Amino acid sequence: MLFLAVLAVLATSLQAKVKLPHLVSDYMIIQQQTDVRLWGWAKPASKVVATTSWSDQRSEAKADKDGRWLLTVKSPKASYTPLSITFDDGDGQVTIHQVLAGEVWVCAGQSNMEMPVKGFWGCPVEDYNQVVIDAAHHAGVRSAKIPSIMRMTPQEDADTKWLDCSPATVGEFSATGYFFARVMHQALDIPIGLIEANKGGSRVESWLTKENLEKYTQEPTDSAGIVAFKPEYDYLRGLLWGNGTFNPILNYTVKGILFYQGCSNIGDPGNQYSERLKLLVEQWRSQFRLGEIPFYFVQIAPFAYDGDNVNGLTGALLREQQLRAAEIIPNSSLVCTNDLVYPYEMTQIHPTQKRQVGERLAWTALNRDYGFEQVLYKSSRYKDMTVKGDTVFIHLQDNYHADAPYEMIEGFEVAGEDRVFHPAKARHYWRPGGAYWDEAIILTSEEVKQPVAARYCFRNFLLGNVKNGANLPLFPFRTDNWGE
């Protein structure tokens, strides 16, 4: 009897002609209450029909001459009820099980997004043991990691699988992505899915298409040229990572994109980084075909770039470009991390405090996309400056009516016409009975009698302590345009 049963299973599998990508599989999380795309391959010109466990709906598509097909099904409201989807091309059926409806986010970027909960060698994630213990409470979180591979042509599938969060698996999840998902799970009490498509050390150009590279950059798009352009480190090469690592997810129906990248674009001239990041977001939104989906990204943390030069400006200039990108990319928001590095981490490119990064991304999404208006997510930023004698008055915006700490403010510098910056003494100013805009942080320096410019944490590695009413850090800034 057992032999006959095995034969029956083998016969069924041999008859099944429908092939699904690895992402469309058991334990997947589908975006709730929308038209979810499902796709795969079958015999050319055959009709593929999809039926679901949650409705009587039948969706169908005809395979093209290469066997590709794509259809949509209407997904149910998010819940923990296991769902199933069956695909039938007339020659056999394939059913995927333990599917959940929830919210799906992409985790893109370079190594600080790729960094798992268990950390990298020599780079731990803070509070790892407690995260493992707590993971049992977040079985509604699942993740699919796309292998980081290079390809000259866009790939349609990737060798991945969906993982349920548990103490045994959480160490493999992207730390930033998991901490984002954990807060979302706590706040919404629905399944949260992560698709991790990233590569350590990658540049913005690593993810651009051949068409965009040829139209907007001077980078080669032939294999020999790509290698010659970046011969030493393959992770810096253009085109290849997008083809191999990101393209396989573009048919998936997602809510939005989380992005943590920038270190490998240090030194880019002028506005090149912000313009190319804008181009990348436009490309991804076009490829996903889901409209202007949210794009929430992370400002690079303080680090001693330029050969352990803490006082250099290349890191500061890249952070400035990221802030500009947030202004020119619609439906985007930037998370500040200037306070998430310990003083001894000046040469640690993977800071240990990942929980706060993920949480800040989650607060952004909860406020902007899920109706949590009382969740504060903005970091304060520079608004304007006035100078009266030897004193600089700095006004901020998005500070939620609080600039803290009240005493011992750190991180400010001022300069005169000689363009030499000196540490500034900073304190709060408020004119009793005055209007809101009379509040300011005032700066003075004994070395600068006639200041003309001010900066805050505008160096590769300079830690300030100014925070707003949400206890979120002030974005680094400068009031000058020197050193470009």
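Student: How many bridges join β16 to β17, and which way do they run?
Tutor: In this predicted model, 3 bridges join β16 to β17, and the two strands run antiparallel. Ala415 stands opposite Phe421 in β17.

Student: What sits between β16 and β17?
Tutor: The two strands form a hairpin with 5 residues between them. Arg419 is in the turn and has a positive phi of about 65°. Arg419 is a residue other than glycine.

Student: What does β16 pair with besides that, say in β20?
Tutor: β16 pairs with β20 (residues 453-456) in the antiparallel sense, over 4 bridges. In that pairing, Phe412 stands opposite Tyr456.

Student: And the faces of β16, covered or open?
Tutor: Both faces are covered. Phe412 and Val414 are on one side, Glu413 and Ala415 on the other, and all of them are buried.

Student: β15 came up. What is the strand order in its sheet?
Tutor: The order is β14-β15-β19-β18, in an open sheet of 4 strands with antiparallel pairing. β14 (381-388) and β18 (425-429) stand at the edges with a single partner strand each, so one side of each has no neighbour in the sheet. Neighbouring strands are turned by 30° against each other on average, direction ignored.

Student: How many bridges are there between β18 and β19?
Tutor: They pair over 5 bridges, in the antiparallel sense, and β19 covers residues 440-444.

Student: Different region. What does Ala50 stand opposite in β4 and in β6?
Tutor: In β4 the residue opposite Ala50 is Ser59, and in β6 it is Phe87. β3 pairs with β4 (residues 58-62) over 5 bridges, antiparallel. The pairing of β3 with β6 (residues 79-88) is also antiparallel, over 4 bridges.

Student: How many residues separate β3 and β4 in the hairpin?
Tutor: There are 5 residues between them.

Student: What about the loop between β2 and β3, which residue should I check there?
Tutor: Ala45 lies in that loop, between β2 (35-41) and β3 (47-52). It has a positive phi of about 75° although it is not a glycine. Ala45 is exposed, with a relative accessible area of 52%.

Student: What does Leu277 touch?
Tutor: Leaving aside residues up to four places away in sequence, Leu277 touches Val204, Phe259, Phe295, Phe297, Ala325 and Ile329. Leu277 is also one of the buried residues of α8.

Student: How many residues of α8 are buried?
Tutor: 12 of the 17 are buried, so the helix is largely enclosed by the rest of the structure.

Student: How far apart are the end C-alpha atoms of α8?
Tutor: They are 24 Å apart, which agrees with the 24 Å that 17 residues should span at 1.5 Å a residue. Just after the helix, Arg289 takes a positive phi of about 60°.

Student: And Thr337, buried or exposed?
Tutor: Thr337 is buried, with a relative accessible area of 2%. It lies in the loop between β13 (332-335) and α11 (355-369).

Student: Which backbone oxygen does its side chain reach?
Tutor: The side chain of Thr337 reaches the backbone oxygen of Gln299, at 2.8 Å. Beyond residues up to four places away in sequence, Thr337 touches Val298, Gln299, Ile300, Ala301, Pro302, Val357 and Arg360.

Student: Last one: Gly307, buried or exposed?
Tutor: Gly307 is exposed, with a relative accessible area of 72%. Its place is in helix α9 (residues 305-308). Gly307 and Thr347 are 40 residues apart in sequence and 9.4 Å apart in space, C-alpha to C-alpha.

Key. Residues are numbered from 1 along each chain as its sequence is written. This is a predicted model: local features need pLDDT of at least 70, side-chain atom pairs count only at pLDDT 80 or more; totals for chains, interfaces and linings use all residues. Side-chain values use heavy atoms; hydrogens and water are left out. Two strands pair if DSSP finds at least two bridges between them. Axes are lines fitted to C-alpha atoms, for helices over the stretch in contact, and angles run from 0 to 180 degrees between N-to-C directions. Contact means heavy atoms within 4.5 Å. Buried means under 20% relative accessible area, exposed over 50%, partly exposed in between (1.4 Å probe, protein chains only). A polar contact is a pair of N or O atoms within 3.5 Å; within protein, one must be able to donate a hydrogen and the other to accept it, and residues adjacent in sequence count only if both atoms are side-chain atoms. The expected span of a helix is 1.5 Å times one less than its number of residues.
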